[in-house]
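Trainee: I have a model open and would like to learn how to read its features. Please take me through them one at a time.

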Amino acid sequence: MGGVTTTTTTSTTTTTSTTGDRAERRPKQDRSRATRQRLLEAAVSCLAEHGWAGSTVTVVAERAGVSRGAAQHHFPTREDLFTAAVEYVAEERSTALRALFPGGAADDRRAVISALVDLYTGPLFRAALHLWVAASNEDQLRPRVTELEARVGRETHRIAVELLAADESKPGVRETVQGLLDMARGLGLANLLTDDEARRDRVVTQWTALLNQALL
């Protein structure tokens, strides 16, 4: 009887300890994810506001409210931090864009075009632009940014095709959709100097008419 009691107690103790370890790990993992997210968001904000030269790991860590050591634990190099930051926000924006039109939006192409243009007029585009400029002068950064831009560009094109219900098997449709995205990027560049919302609205209206004809 005594041996049975002892075995049961040991088993219960072991199970309790394992459960406690798991419970302890979960808050640590949650804190680690939260710290990483704060760093990524702070990096994008710093890059958009201060450019590459003014966005050091120390500046980002201070803005995120974490130590430099904690920042380097998640992102060992400055290049790791900023390429991950732009990719993270790009993914978040892609998710938000899809969520605006969960059932597709071929019947309201103007809304889709307007939403695509908005992707290039916010802090993400400004941050990405600073990263591109830095990459043109930084050999270590250039391959990462080139690969990132290609991946983000492919994903944005895919989303545009889906939302516009574009049939790329038809001649010229793929190029028309890409032209739309190139136009949106150009409007984003113009927006860096002056916020001309009225002009953007007219351009969106014109592109809607062009897309409606091209995607018949």
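Predicted model: local features only at pLDDT ≥ 70, side-chain atom pairs only at ≥ 80, totals over all residues.

Trainee: How many helices and strands does the protein chain have?

Mentor: Helices are DSSP runs of H or I with at least four residues, strands are runs of E with at least two, and both are numbered from the N terminus. Here the protein chain has 9 helices and 0 strands.

Trainee: What share of the residues counts as buried?

Mentor: Buried means under 20% relative accessible area, exposed means over 50%, and partly exposed lies in between, with a 1.4 Å probe and protein chains only. Of the 216 residues in the protein chain, 36% are buried by that rule.

Trainee: And which share of the contacts joins residues 24 or more positions apart?

Mentor: A contact means heavy atoms within 4.5 Å. Among contacts in the protein chain with a separation of 6 or more, 68% are between residues 24 or more positions apart.

Trainee: Now helix packing. At what angle do the axes of α4 and α5 cross?

Mentor: Axes are lines fitted to C-alpha atoms, for helices over the stretch in contact, and angles run from 0 to 180 degrees between N-to-C directions. The axes of α4 (residues 78–100) and α5 (residues 109–119) cross at roughly 165 degrees and come within 11 Å. α4 is therefore roughly antiparallel to α5. The classes are under 35 degrees for roughly parallel, over 145 for roughly antiparallel, 65 to 115 for roughly perpendicular, and oblique for the rest.

Trainee: Which residues make that contact?

Mentor: From α4 they are R93, L97 and L100, and these meet A115, L116, D118 and L119 of α5. By class, the contact of α4 with α5 has 5 nonpolar, no polar and 2 charged residues. Ala, Val, Leu, Ile, Met, Phe, Trp, Tyr, Cys and Pro count as nonpolar, Asp, Glu, Lys and Arg as charged, and the others, Gly among them, as polar.

Trainee: How do α5 and α9 pack?

Mentor: α5 and α9 (residues 197–214) have axes 9 Å apart, at an angle of about 130 degrees. That angle makes α5 and α9 oblique to each other. On the α5 side, R109, R110, I113, S114 and V117 take part, meeting R200, D201, V204, T205, W207, T208, L211 and N212 of α9. The contact of α5 with α9 divides into 5 nonpolar, 4 polar and 4 charged residues.

Trainee: How far does α7 reach, and what span is expected?

Mentor: The expected span of a helix is 1.5 Å times one less than its number of residues. α7 (residues 142–164) has 23 residues and reaches 32 Å from its first C-alpha to its last, close to the expected 33 Å. Its buried residues are V145, L148, T156, H157, I159, A160, V161, L163 and L164. The cover over the buried residues of α7 includes α4, α5, α6 (123–137), α8 (173–191) and α9.

Trainee: What follows α7?

Mentor: A165 comes next, with a positive phi near 55 degrees, although A165 is not a glycine. A165 lies in the loop between α7 and α8 and is partly exposed at 46% relative accessibility.

Trainee: Is A90 buried or exposed?

Mentor: A90, in α4, is buried at 9% relative accessibility. Beyond its neighbours within four places in sequence, A90 contacts L124 and V152. G153 belongs to α7 and is partly exposed, with a relative accessible area of 26%.

Definitions and conventions:
Residues numbered from 1 in each chain as written. Heavy atoms only, no water.
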